[in-house]
Structure formats: C-alpha cells, structure tokens
Amino acid sequence: MRLECQNLQTISNTSVELNQSGILIEGCQFCNSNISLTNNRQSGVYAKIANSVFGNSTADALIRIEHYPSYSIENCTLNYSQGSGIDIYYCGWRNGKVNITGNSIQKSGSSQDLSWGIRIYGSFAAIENNLITNNRYGISCLNQSQVRISGNPDAQQPGQTQRIINNFQNQIRVSDNSFP
C-alpha cells in the first residue's frame with residue numbers, strides 16, 4: 001500500500017491506523033495527526049515513512065510501528081508537545097532494514113514532561129544522523145532491544161551528524177538488557 005502526497009499535501013486532525021503489508025508513506029504533512037502502523041497478522045514485509053512532516057497530535061506517539069520485520073523512518077520532521085516522536089515495538093530482525101535516519105525530532109514545551117524522542121521496545125534499530133531534542137528522554141532502549149546509535153565521524157558541522165541534545169533526564173536511556 002502506498003500513501004504518497006504531492007507537495008506535502010496535508011492530512012489534518014485524524015489518527016491514521018493501518019494494518020497492512022508493505023506500507024510506503026512519502027511526502028505527506030500530518031497536522032494534528034499521527035500514524036500507527038501495526039502488523040498484527042505478521043504478514044507485512046516492511047513499513048517505510050519518508051520525507052514527511054508531523055506536527056502536534058494528542059496521540060501517545062506521532063509515529064508508531066509495531067511487529068514489522070523491516071522498517072525505516074527517513075528524512076522526516078516531527079514536532080510535538082506530548083508523548084513520543086517515534087515508538088517502535090517488536091520490530092526488526094538482526095539482518096533486516098531497521099533504520100531511523102536523518103530526522104528532526106523535537107518536542108515543544110517543557111522537557112520535564114514524560115516524553116521520548118525515540119522509544120524502542122523489544123526491537124532492532126539503527127539510529128543515525130538525527131536531531132533529537134527537548135524530551136525527558138532522547139532515546140530509550142527497552143526490553144532487550146538491539147540498537148546501534150551512530151553519527152558521521154567525518155562531519156565538519158553539527159548538522160552533518162547525530163545530535164541528541166538538551167533532553168532533560170537522559171540523552172540515551174538503556175534498560176532491561178538492551179544494548180546501544
């Protein structure tokens with residue numbers, strides 16, 4: 001299934017919940033909206049969200065992906081005032097594509113509120129070259145998640161590498177036998 005928007009067409013005031021195999025969401029603008037991708041039948045091969053903008057939602061997370069063996073979230077902008085930017089639950093395989101790359105993930109308001117830039121739970125993830133700021137926890141790796149967090153060692157400017165900054169309690173929080 002493909003959801004492609006031309007020139008960042010806007011999806012407003014809704015919660016998009018999909019239980020599909022092979023999802024591609026690209027070039028969309030979500031205003032007061034969120035997206036939840038769940039692969040309950042575990043028949044889905046991948047979920048990909050790219051080049052999209054997400055702004056404020058009353059949901060627990062702007063992007064939530066569950067039970068996909070392969071996923072990627074690339075070059076997106078997420079701005080929110082509560083909850084999480086990205087939640088990944090029970091996703092990925094050791095050799096699968098599990099990328100969260102090149103995103104700007106910023107919470108507005110108080111960073112002391114219970115909030116996560118990226119929350120990984122029981123999943124595999126490769127987190128690279130993102131800006132994650134103003135949350136209580138920048139990245140949380142939970143429940144035996146296998147996570148690789150990296151940046152660009154050849155960066156000449158801060159914008160060329162991973163920046164996990166100005167998060168209130170932890171930039172990176174790891175528990176329950178998870179390894180960054």
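The conversation below sets values of this predicted model against the definitions behind the terms.

Trainee: What makes up the secondary structure of the chain?

Mentor: The chain has 21 strands and zero helices. Seven strands form an open sheet with parallel pairing, in the order 3-6-9-12-15-18-21.

Trainee: Why are strand 3 and strand 21 called edge strands?

Mentor: Strand 3 (15-18) and strand 21 (170-174) each pair on one side only. From one strand to the next, the twist averages 10°.

Trainee: Which bridges tie strand 6 to strand 3 and to strand 9?

Mentor: Strand 3 and strand 6 pair in the parallel sense over four bridges, with E17 opposite S36 in strand 6. Four bridges also join strand 6 to strand 9, and these two run parallel. There, L37 stands opposite I65 in strand 9.

Trainee: Why is strand 6 described as largely enclosed by the rest of the structure?

Mentor: A residue is buried when its relative accessible area is under 20%. In strand 6 (residues 34-38), five of the five residues are buried, so the strand is largely enclosed by the rest of the structure.

Trainee: Which way do the residues of strand 6 point?

Mentor: N34, S36 and T38 point one way, I35 and L37 point the other way, and all are buried. In a regular strand, side chains alternate between the two faces of the sheet.

Trainee: What makes the ring pair of Y89 and Y90 tilted?

Mentor: Five aromatic pairs are counted. In the pair of Y89 and Y90, the ring centres are 6.4 Å apart and the planes stand at 55°, so the pair is tilted.

Trainee: Why is the pair of W116 and Y137 called stacked?

Mentor: The ring centres of W116 and Y137 are 6.3 Å apart and their planes stand at 25°, which is under 30 degrees, so the pair is stacked. W116 lies in strand 15 (residues 115-121) and Y137 in strand 18 (residues 137-142), so this pair ties together parts that are 21 residues apart in sequence. W116 is buried, with a relative accessible area of 14%, and Y137 is buried, with 10%.

Trainee: How do you know that the radius of gyration agrees with a compact globule?

Mentor: For 180 residues, a compact globule would have a radius of gyration near 16 Å, and the chain has 15 Å, which agrees. The C-alpha atoms fill a box of roughly 35 × 35 × 35 Å along the principal axes. Of the 180 residues, 47% count as buried.

Conventions:
Residues are numbered from 1 along each chain as its sequence is written. This is a predicted model: local features need pLDDT of at least 70, side-chain atom pairs count only at pLDDT 80 or more; totals for chains, interfaces and linings use all residues. Side-chain values use heavy atoms; hydrogens and water are left out. Two strands pair if DSSP finds at least two bridges between them. Axes are lines fitted to C-alpha atoms, for helices over the stretch in contact, and angles run from 0 to 180 degrees between N-to-C directions. The radius of gyration is taken over C-alpha atoms; the globule rule is 2.2 Å times the number of residues to the power 0.38. Buried means under 20% relative accessible area, exposed over 50%, partly exposed in between (1.4 Å probe, protein chains only). Rings of Phe, Tyr and Trp (its six-membered ring) pair if their centres lie within 6.5 Å; planes under 30 degrees apart count as stacked, over 60 as edge-to-face and the rest as tilted.
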